[in-house]
Amino acid sequence: ATLQGILKVAESALKVAESAQQAVLQLRAEKSSDTMLIAERMDTLEDRLERRFDNWEASLGRQQASARSLPQSAGSRIAHFQTLHAEETGRRLQGGQENCGGLTGGVGSHGPLLRRNN
């Protein structure tokens, strides 16, 4: 009777060990899958960051070249930036009395860009 009891306990222990082994194998497979997914996402992120840095550096290069060619007088600098604005947006900055303080208007707006609050 004790030998059968020992065999039942051993069979039970074997089933627990096999179940644990399957759980470990499943966790390893999930971890491997997660690791691969994370590695793919990191590669994608690195590519995006590299493209953004390249674009940023190119933009800085253009800005530095533009800044080097700036005239020294304040009026000439303002005119230069107005010209850059017109080139970038296709719109001219509006001036005059109505152009006084707080940003108004937006894309496609034909009103003053700045309005001063009294």
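**Note on the predicted model**

1. The protein has two helices and two strands. Along the sequence they run α-α-β-β. Helices (H or I, at least four residues) and strands (E, at least two) are DSSP runs, numbered from the N terminus.

2. This is a predicted model: local features need pLDDT of at least 70, side-chain atom pairs count only at pLDDT 80 or more, and totals for chains, interfaces and linings use all residues. Residues are numbered from 1 along each chain as its sequence is written, and side-chain values use heavy atoms, without hydrogens or water.

3. Of the 118 residues, 4% count as buried. Buried means under 20% relative accessible area, exposed over 50%, partly exposed in between (1.4 Å probe, protein chains only).

4. Helix α1 covers residues 2-68 and holds Ile-38. Ile-38 is exposed, because its relative accessible area is 54%. Ile-38 also belongs to a nonpolar surface patch with Met-42, Leu-45, Leu-49, Phe-53, Trp-56 and Leu-60. Together they have about 680 Å² of accessible area. Nonpolar side chains are joined within 5 Å, like charges within 9 Å.

5. Glu-46 is in helix α1 too. Glu-46 is partly exposed, at 45% relative accessibility. A negative surface patch includes Glu-46, Asp-43 and Asp-47 among its members.

6. Helix α2 has 16 residues, 74-89. At 1.5 Å a residue (times one less than the residue count), helix α2 should span 22 Å, and its end C-alpha atoms are 22 Å apart, so the two agree. Just after α2, Gly-90 takes a positive phi of about 80°.

Notes. Patch = residues over 30% accessible without salt bridge, like charges linked within 9 Å, V, L, I, M, F, W, Y side chains within 5 Å. Areas by Shrake-Rupley, 256 points an atom, 1.4 Å probe, with all protein chains shown as cover. Salt bridge = Lys/Arg side-chain N within 4 Å of Asp/Glu carboxyl O. Lys, Arg positive; Asp, Glu negative; His and termini not counted. Charge placed at Lys NZ, Arg CZ, Asp CG, Glu CD.
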